[in-house]
Amino acid sequence: MPLPTGDTIGILADNLRLRRSVLPIPVESAIRWTKGLDLPHGGERVLYTGLMYQLIPYIEELVAAQQKMGESWMAGFTGFGRQINKILNVSAFMAHPSRDKLESFDRVPRNVALLLKRAGIEFGALYEDDLYSGALAYDLGADEELKEHASKVYATLKKHGVKEVVTIDPHTTNMLRSVYPTLLDGYDIKVRNYLEVLAEAEMVPNHRLDGEVGIHDSCVFARYEGVTAQPRQLLEGAGLSLREPEHAGTMTLCCGGPVESLYPQKAAAQAERRVAEIAAVAERGVTMCPLCYVNLQKAAKDRIRFDDISDYLRQAYEA
Amino acid sequence: MTVLQPNLVDEVRADESFNASACMNCGVCTAICPMELEHLPREIFRYVLLGMKEELLQHQETVFSCLLCKMCEVNCPAGVHITENVRSLRHYFDRKVFRI
């Protein structure tokens, strides 16, 4: 039995309003990826994570806990849980990912930072002020909470003198580039995704990769933001032979991730369908969104291995 | 007996982008939906336009099961803003049903 939809959305919306994220995580988990990179605080151009990769280990744990709750007598008490959550961050008690798991997802923003440096791009980071974009609240229709949160994000960018952000995942890219301008008067932040930035840089790989990999386009990249050519250019430039599944590019098939928070079983069924399409064309898959990665790898189990696109790009292009 | 609520569409419409009335009921969206949602978007948009509130409320799970993946929208011959319209429906549920 899924958890009650209204209470679940209520908790997520309350978290965004009270704690600046649908799923608040400790500051040290949010900024661990910056360690040793010596990135300036703020500046006109910043690498903006929107916390998406850092959130994934917590989301995985919370979804597992939700599924257990949904199957137990506790499901009837989520309304009570929402009231408690207004005072105490309930998710902090439910999700304790291991250090190894946390570091494995910190790897992606680190990959991207090193690739941007290799491309000769100058940028800073916002550290504890790198805020979640509000993407899930947007998807769930929590418009008032989202608008209030978007104002906070924009004010934070302005406070640090930011004129341009370079994003990593598709959801943060879409929110900051296409949704915020519809919510905020005078919004003037230039937003580019790192794949667009790297493709424009036309880097030559230092190490050519070989082998075949099945590409999974993110729906948000492909159908909301028009990002399909850049990942192909970069991966093929790295030497990989790309295999296109039955649904690819602007006709890509969703990984199921968007319904994970409310209907995990439906998300799993959708992921299973997509994994079968990728497995039909390659023994390895490449993703470019943390939600796609976690949903597809979970469904694939040991059948095929998925890697984030930044892992391949770093192997090929980093000095 | 179905009780109609003529102002339902005004309650659902979050902004000017809500254009469910552009739907010509051709069925491309239903045929192409990866979640195989039978009622969303075509039938549920009709419920809203006709003021059939009870029928809309019965399909809460369908409204929140949409992936917002835009597969239907990019293939819609009538240019219906399907994902924006679904978000408007969710906003309606959030405020009027869940009282968030």
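Q: Is A:Tyr293 buried, exposed or partly exposed?
A: In this predicted model, A:Tyr293 is partly exposed, at 22% relative accessible area. Buried means under 20%, exposed over 50%, and partly exposed in between (1.4 Å probe, protein chains only).

Q: Which ring does A:Tyr293 pair with?
A: A:Phe105. The centres are 6.0 Å apart and the planes at 70°, so the pair is edge-to-face. Rings of Phe, Tyr and Trp (its six-membered ring) pair if their centres lie within 6.5 Å; planes under 30 degrees apart are stacked, over 60 edge-to-face, the rest tilted.

Q: Switching to chain B. What is the geometry of B:Phe64 and B:Phe98?
A: Tilted: 5.8 Å centre to centre, with 45° between the planes. B:Phe64 is buried at 2%, and B:Phe98 is buried at 16%.

Q: Which residues make up the ring cluster there?
A: B:Phe64, B:Tyr92, B:Phe93 and B:Phe98, linked by ring pairs.

Q: Which lysine sits over A:Tyr224?
A: B:Lys70, with its charged end 4.1 Å from the ring centre. The test is NZ of Lys or CZ of Arg within 6 Å of the centre and within 35 degrees of the ring normal.

Q: What are the ground rules?
A: Residues are numbered from 1 along each chain as its sequence is written, and chains are lettered from A and ligands numbered from 1 in the order written. Local features need pLDDT of at least 70, side-chain atom pairs count only at pLDDT 80 or more, totals for chains, interfaces and linings use all residues, and side-chain values use heavy atoms, leaving out hydrogens and water.
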